[in-house]
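Have a look at the sequence and the model, then work through the tasks in order.

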Amino acid sequence: MKMYKLVKNFITNQISDYAMELIDGVPTGVNVNIHTNEEYLAWLDEGNTPEAADA
Amino acid sequence: MALTQVQPGMLGTTQPYNFKNRIINGAMVIDQRNAGGIITNPTSPQYLLDRFYYRSTSTTPTFNVQQNAGSVTPPAGFTNYLGVTMTNSSTPSSTDRFAIGQPIEGFNTADLNWGSTNAKTVTLSFWVYSSLTGTFGGTLQNSAQNYSYPFTYSIPVANTWTQIVLTIAGPTAGTWVGATNGVGIYVFWSLGTGSTLQGTAGSWSANTYWAGTGSTNIVSTNNATFYITGVQLELGVSATSFDYRPYGTELALCQRYYAIINTQNYSAGYSSNTSSAYSSCFYFPVTMRTTPTTITLPTAGQSTGQISFTTGVGGYPSATGTHAISASNTSLFSITGSGYTGLTSGAPAFLFSNGTCPITASAEL
């Protein structure tokens with residue numbers, strides 16, 4: 001199952017503009033821009049919520 | 001004898017300069033994603049050869065796309081073409097459309113003044129080759145795709161290259177993106193268009209048309225082929241010679257929208273002094289159109305084809321963690337690694353690529 005996980009920029013301590021794509025919990029290497037990636041935005045529109053970033 | 005006057009004939013036709021072609025990769029030379037390999041059953045929207053993509057309303061019919069599919073001899077002066085081969089035909093419903101096209105960036109079309117009384121005429125030219133004959137279609141559209149110019153063209157002889165030239169008076173109405181990085185003009189070639197999405201050929205309309213009325217549906221014939229190359233959209237009322245640009249120049253133009261960064265061996269990195277997280281920065285080959293919508297990283301690990309942060313002297317950690325993009329803009333991006341064990345917090349680190357490990361970035365329209 002496809003999921004996304006937010007990423008923290010450890011230098012700024014802010015959430016990155018990119019989220020990691022996960023398939024069955026495993027990173028695929030695909031990183032989507034959370035503001036402009038149409039596939040990610042459509043996934044959000046379906047009511048999905050990304051995993052929180054690691055603390 | 002010294003030259004004292006430049007005669008008009010010395011300048012060739014109306015546009016003797018380069019960069020007259022608003023289409024990028026019109027000679028189908030650049031294929032970064034596939035390197036000439038077959039693209040099986042592309043799904044909409046999917047980029048094919050560089051800057052050319054597929055748009056459709058349905059996952060059927062299916063077809064393959066390949067640079068130089070079928071290995072026919074390209075038209076004189078060209079070495080490559082984009083080839084479509086149907087693998088599973090289907091008749092489009094009245095509202096279906098299947099097309100290959102290119103969105104042209106507004107910065108490269110703003111001077112045409114479309115949507116104003118000063119709209120300039122352009123000429124679209126291209127070479128086509130098909131197993132089918134008859135009338136085929138396509139369209140030009142604005143960014144919102146609510147103003148369009150459906151067109152038709154004829155392929156009179158099967159399996160023979162035919163050059164098509166269409167002169168198009170610029171639209172004086174419709175909303176057109178100006179000098180921005182958005183879509184200035186869409187240009188599409190129909191593979192199949194339902195009846196309600198076909199419009200009167202050769203005129204502008206405040207409708208979303210994808211082909212001229214009466215266009216042949218290539219998708220309706222199994223094993224049908226459709227090849228295209230030498231695509232040029234230029235200012236003026238006639239087609240001039242193809243705008244051949246140096247390979248490196250054409251590649252750089254494509255890299256504004258899609259780039260591959262082939263990492264190999266070591267790149268610089270640094271570590272956080274507050275947690276076991278590491279970061280390394282890379283520059284794009286050229287300034288991207290916009291901050292990429294997608295950046296794809298190689299698998300994290302210590303085997304061939306994988307990347308891992310290492311110690312400052314190049315030693316692998318006991319366990320490679322997870323990689324993500326911590327920041328990016330149109331010039332660069334940063335890879336961050338977390339969840340590592342065996343690296344020292346606060347110490348220098350390198351990002352090591354075991355073999356060639358491509359990173360891809362897409363800022364396509």
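**Exercise 1. The faces of an edge strand**

Which residues of strand 10 of chain B form the covered face, and which the uncovered one?

Solution. Before we start, note that this is a predicted model, in which local features need pLDDT of at least 70, side-chain atom pairs count only at pLDDT 80 or more, and totals for chains, interfaces and linings use all residues. Residues are numbered from 1 along each chain as its sequence is written, chains are lettered from A and ligands numbered from 1 in the order in which they are written, and side-chain values use heavy atoms, with hydrogens and water left out.

Step 1. Helices (H or I, at least four residues) and strands (E, at least two) are DSSP runs, numbered from the N terminus.

Step 2. In a regular strand the side chains alternate between the two faces of the sheet.

Step 3. In strand 10 of chain B, the covered face holds B:Thr162, B:Ile164, B:Leu166 and B:Ile168. The uncovered face of this strand holds B:Gln163, B:Val165 and B:Thr167.

**Exercise 2. Placing that strand in its sheet**

Solution. Step 1. Strands count as paired if DSSP finds at least two bridges between them.

Step 1. The partner of strand 10 of chain B is strand 7 (residues 122–130) of chain B, joined in the antiparallel sense over 7 bridges. Here B:Leu124 stands opposite B:Leu166, a residue of the covered face.

Step 2. Further along the sheet, strand 5 (residues 82–88) and strand 14 (residues 225–235) of chain B run antiparallel and share 4 bridges. B:Thr85 has B:Thr225 of strand 14 of chain B as its bridge partner.

**Exercise 3. A four-stranded sheet**

Describe the open sheet of 4 strands in chain B.

Solution. Step 1. The strand order is 16-17-21-20, with antiparallel pairing.

Step 1. Its edges are strand 16 (270–271) and strand 20 (322–328) of chain B.

Step 2. Strand 16 of chain B meets strand 17 (residues 278–283) of chain B through 2 bridges, in the antiparallel sense. B:Tyr270 stands opposite B:Ser279 of strand 17.

**Exercise 4. Two residues under cover**

Is B:Thr240 buried or exposed?

Solution. Step 1. Buried means under 20% relative accessible area, exposed over 50%, and partly exposed in between (1.4 Å probe, protein chains only).

Step 1. B:Thr240 sits in the loop between strand 14 and helix 1 (247–255) of chain B. Its relative accessible area is 10%, so B:Thr240 is buried.

Step 2. A polar contact is a pair of N or O atoms within 3.5 Å; within protein, one must be able to donate a hydrogen and the other to accept it, and residues adjacent in sequence count only if both atoms are side-chain atoms. The side chain of B:Thr240 makes such contacts with the side chains of B:Lys20, at 2.7 Å, and B:Glu234, at 2.5 Å.

Step 3. B:Arg97 belongs to strand 6 (residues 97–105) of chain B.

Step 4. Contact means heavy atoms within 4.5 Å. Leaving aside neighbours within four places in sequence, the contacts of B:Arg97 include B:Arg55, B:Gly192 and B:Trp210.

**Exercise 5. Chain A and its interface**

Characterise chain A and the area buried between chain A and chain B.

Solution. Step 1. Chain A has 1 helix and 3 strands, running β-β-β-α from the N terminus on.

Step 1. Buried residues make up 40% of its 55 residues.

Step 2. At the interface, 15 residues of chain A are in contact with 22 residues of chain B.

Step 3. Buried area is the accessible area (1.4 Å probe) that two parts lose on being put together, summed over both. Between chain A and chain B this comes to about 1400 Å², with carbon and sulfur atoms giving 56%.

Step 4. On the chain A side, A:Phe10, A:Tyr18 and A:Asn31 lose the most area to chain B, together 45% of what that side buries.
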